[in-house]
Amino acid sequence: MKIIEKIKLFGAAAVIGLAGAATQSASAAVVETANLHDVNSDVEIVLEGEDAGTRSWEVDGVDHLFQQWFYYRVEGDDREQKINELGNLAYTVSNGDLDAGEERIHIQYSDDQRNFNIEVDFILTGGQVGSMTSDLAEIISINNTGDTELVITLIQYSDFDLNGDIEDASVQINGGNTAQQLDTFMGFTETVVTPLPTHLQADLEENLIELLENDSVDDLNDLASSASGPGDYAWAFQWDAVIAPGGSFIISKDKQLTPVPEPATMSLIGLAGLALARRRK
Ligand SMILES: [Ca+2]
Ligand SMILES: [Ca+2]
Ligand SMILES: [Ca+2]
Ligand SMILES: [Ca+2]
């Protein structure tokens with residue numbers, strides 16, 4: 001099981017958590033999980049429980065994702081929580097193209113007391129077999145179904161472990177809306193198409209998990225670049241929204257996994273290009 005891979009990061013708490021989960025699973029209902037497939041790509045999404053989130057993104061047989069999910073807080077809440085804590089899960093998985101497999105999921109969680117819901121729509125587009133490329137488009141809608149203003153914060157947390165191992169080279173957020181994480185031969189880019197996030201943070205996984213899982217209200221710290229050197233990197237985007245009665249706040253994003261040349265190879269190409277440019281002069 002994937003959780004085991006990161007047990008070191010959660011320490012004793014994770015061991016207790018796992019023991020608790022194991023005891024629970026004997027009596028509790030099966031946790032809802034959905035799987036998407038398109039050409040060379042497979043995505044697994046756990047829809048309920050402590051492990052909720054997009055838990056794997058396999059491209060040509062290699063899993064590059066540890067966890068990606070959404071946290072929220074409404075004005076007056078004393079901490080952030082995962083969106084699945086809202087409950088009232090409804091979802092459909094569908095096949096809307098000519099390739100085999102269901103490549104799309106539409107998920108909704110709703111808060112009946114405070115009259116709002118959060119919808120997430122994922123569409124997976126795999127690349128050709130062997131290309132190591134893949135694309136995941138996401139649309140998130142927060143809908144105010146009540147008759148008073150909704151003041152809400154949504155945070156998207158992404159912990160990619162490129163090439164199936166925890167250590168990656170770096171993570172950086174450019175232009176306030178484009179995250180790029182790098183590992184040997186593998187690159188990952190996420191562009192927020194609209195709107196620009198209110199806050200962002202590129203950091204070590206443990207720092208982000210701490211602020212999202214602790215018992216206090218936190219904003220992301222706007223640091224756009226990780227420390228240098230290999231590490232377990234992650235990043236997050238935060239949107240603060242005020243939604244009128246009957247209104248919606250819609251976030252549209254795109255994630256891409258693409259092979260990248262080695263830095264050494266890149267500098268060689270750079271030098272070759274420079275030499276070529278000089279020759280042309
Ligand atoms: Ca399909
Ligand atoms: Ca890695
Ligand atoms: Ca917090
Ligand atoms: Ca990571």
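How much accessible surface does the chain have, and what share of it belongs to carbon and sulfur atoms? The accessible surface comes to about 13600 Å², and 54% of that belongs to carbon and sulfur atoms (Shrake-Rupley method with a 1.4 Å probe; for residues, only the protein chains shown count as cover).

A quick word on ground rules. This is a predicted model, where local features need pLDDT of at least 70 and side-chain atom pairs count only at pLDDT 80 or more, while totals for chains, interfaces and linings use all residues. Residues are numbered from 1 along each chain as its sequence is written, chains are lettered from A and ligands numbered from 1 in the order in which they are written, and side-chain values use heavy atoms, with hydrogens and water left out.

Now for the fold. The chain has 3 helices and 17 strands (DSSP runs numbered from the N terminus: H or I of at least four residues for helices, E of at least two for strands). Of its 281 residues, 43% are buried (under 20% relative accessible area; exposed is over 50%, partly exposed in between, with a 1.4 Å probe and protein chains only). Take contacts (heavy atoms within 4.5 Å) between residues at least 6 apart in sequence: 64% of them join residues at least 24 apart.

| Ion | Protein donors | Distance |
|---|---|---|
| Calcium ion (ligand 1) | Asn95 (OD1), Asp97 (OD), Asp99 (O), Gly101 (O), Glu103 (OE) | 2.3 to 2.5 Å |
| Calcium ion (ligand 2) | Leu162 (O), Asp165 (O), Asp165 (OD), Glu167 (O), Asp168 (OD), Asp183 (OD) | 2.2 to 2.7 Å |

For ligand 2 the spacing is L-x2-D-x1-E-D-x14-D. Asp168 sits in the loop between strand 11 (150-160) and strand 12 (170-174), and Asp183 in strand 13 (residues 178-183), so the pair ties together parts that are 15 residues apart in sequence. Both Asp168 and Asp183 are buried.

Ser41, in strand 2 (residues 41-46), is buried because its relative accessible area is 0%; beyond neighbours within four places in sequence, its contacts include Trp57, Leu124 and Thr133. Ser226 lies in the loop between helix 2 (205-213) and strand 16 (233-243) and is buried, at 13%.

Terms used:
Donors = N, O, S within 2.8 Å, 3.2 Å for Na, K, Ca; no water.
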